[in-house]
Every structure is written in structure tokens, then in C-alpha cells.
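Welcome! Please have a look at the sequence and the model first.

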Amino acid sequence: MEKYVQMEGVNMVFDTKRGPFVALQNIDLSIEKGEFVSIIGHSGCGKSTVLNMIAGLLLPSRGVMLCNGREIAGPGPERGVVFQNHSLLPWLTCFDNVYLAVERVFSATENKSSLANRTKDALALVGLSHAEMKFPAEISGGMKQRVGIARALAMEPKVLLLDEPFGALDALTRANLQDELMKIVAATNNTVVMVTHDVDEAVLLSDRIVMMTNGPSATIGEILTVDLPKPRQRLKLAEDLRYNKLRSEVLKFLYERHVHKLAA
């Protein structure tokens, strides 16, 4: 398999009033093309910092970061980001929120008709063709997150970066969007990196789960391979012995092994 995203010897140090704060230390991670990787850990372990560095929103204090063999030196259209807060512009319709992103990426090479078609295709992919002309205040939280995903997908990114995209949603809406995300990723074959607090979400969606130790100086504690066949169906997995063993492994790390490491 082709290594698509690489982090080698990455440290992240923030300057604070109390002096340097080492958020991340010695991060080594390679993500293959088309792979779905989740990053999990307790609050403050640097999960979102890792994601923001892959996005190019933060640059590492030390180390090498590559995407498709090129240095990550800032944001780029090949890396689309979806945050927990959908960040939609309230004065624009769903269509216009997505169109704005499409226009920024493709306006130099495509006409307005083509840009509009890209926008419509992205909204159709997340099942929102019927809501194109609605404003954010007129749709549910789950639909807003779908617009955020459509906006990222419309730019045709090679890497989709998800920062707790379903964290603010109720359990049923969250489950429905997880199912939709599995279908979208299967259709687009995107490389996906997702930050989550949810163990079940990580096991359901991922090919590998990166488990972070607590900060400061957080690092990768363990990486778990999720060798469950795809497509995955949550109801069948609930009684699957392998699924429950993998889930147990993540829980043990989060509530036992990382604590022993910190206490040592």
C-alpha cells in the first residue's frame, strides 16, 4: 500500500506565559492511501493538534510532515477539514455555502455551470439535494454537519480530516451520520483521519485506531488494527466477538494502560 500521509519525529511546542508547553513529542505515523484512521484519547492529549498539523493549520516545532510525498507547509485543497462546529455562514443557503468552497478551488479552470454541478453533486452525495436552498437556521444539526461534509468533499480532497464531526449530535443522528459516512468513504475512496472520543465510533469506522497517551508531551501509545470486514453493519457487530474484543482493547488502553505508563 502507498504511504500517503507521514509524520516523522514530530514535536509540537507552544509558547505560553509560563514558558514552553510541549503538547506532542516524537509522533511517528504513516497513513496509507484510502485508509480510515481514527485518533482517540482523553481530552488534552493533542488529538486535534495532530489533525490541525495534517491540515496545515499548525506547523510542527520539529519533525517532518508529508502528504503525497510533499511537505505540508500550510493548508491545501487536497486536505479537506470538517470540524465539530459546522462553521456554515448563516446568511448563505446550503448550496451557496458549498459553492463558496468550490469556487475558491476550481474557479480558475471551470465555468460557473461546472462549479454549480460540482456543488449539486456534493450535496447529493450527502443526501441533501432537497435542502439546497435552505438556510442553516432552517435545518437540523445533523443536516448542518452534512453540509459541512459536502463542502469538504466538493473540493475533491485526497485526505478528509474530521475533528469530532458528530460530537455535538444526539445518539440517533450520530449513528445515522456514521452510516452515511461509511457509504460516502466507500464511494469516494478518500483517505480519512478522524478525531473522536467515542470508542464505538472508532471501531465501527476505522481501519486503524491511533491511541494517544495523556499530555503534556503526549505521544502515540498504541496503534490497533481493526480487521473487521467491510461493509460493516452496526447491529450485526453488536454481537460480533471480534468487534467486542477490539472495543475492549481500546477501553483497556484508555482506562488502564496509559494510566500505568503515566504513573511509572
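Which residue follows α1, and is its phi positive or negative? The residue after α1 is Gly56, and its phi is positive, near 85 degrees. The model is a predicted one, in which local features need pLDDT of at least 70 and side-chain atom pairs count only at pLDDT 80 or more, while totals for chains, interfaces and linings use all residues. Residues are numbered from 1 along each chain as its sequence is written, and side-chain values use heavy atoms, leaving out hydrogens and water. Helices (DSSP runs of H or I, at least four residues) and strands (E, at least two) are numbered from the N terminus.

**Helix α1**

- Among the buried residues of α1 are Lys47, Thr49, Val50 and Leu51.

- Thr119 sits in helix α3 and is buried, with a relative accessible area of 0%.
- Leaving aside residues up to four places away in sequence, Thr119 touches Phe95, Val98, Tyr99 and Val102, where contact means heavy atoms within 4.5 Å.

**How α2 packs on α4**

- The axes of α2 and α4 are 8 Å apart and the helices pack at an angle of about 20 degrees; axes are lines fitted to C-alpha atoms, for helices over the stretch in contact, and angles run from 0 to 180 degrees between N-to-C directions.
- That angle makes α2 roughly parallel to α4 (under 35 degrees; over 145 is roughly antiparallel, 65 to 115 roughly perpendicular and the rest oblique).
- The crossing of α2 and α4 is right-handed, meaning that the near helix is turned clockwise from the far one by less than a right angle.
- On the α2 side, Cys94, Asn97, Val98, Ala101, Val102 and Phe106 meet Val147, Ala150, Arg151 and Ala154 of α4.
- By class, this contact of α2 with α4 has eight nonpolar, one polar and one charged residues (Ala, Val, Leu, Ile, Met, Phe, Trp, Tyr, Cys and Pro are nonpolar, Asp, Glu, Lys and Arg charged, and the others, Gly among them, polar).

**How α4 packs on α5**

- Helix α4 (residues 141–154) and helix α5 (residues 171–188) have axes that come within 10 Å and cross at roughly 20 degrees, which makes α4 roughly parallel to α5.
- The contact is made by residues including Gly142 and Ile149 of α4 and Leu177 and Ile184 of α5.

- Most residues other than glycine have a negative phi, and most peptide bonds are trans.
- The peptide bond from Gly215 to Pro216 is cis, with omega near -5 degrees, and Pro216 lies in the loop between β9 (208–212) and β10 (220–225).
- Lys230 and Pro231 are also joined by a cis peptide bond, with omega about -5 degrees.
- Glu156 is not a glycine, yet its phi is positive, about 50 degrees; Glu156 is partly exposed at 48% relative accessibility.

Notes: Buried < 20%, exposed > 50% of the residue type's maximum accessible area, 1.4 Å probe, protein only.
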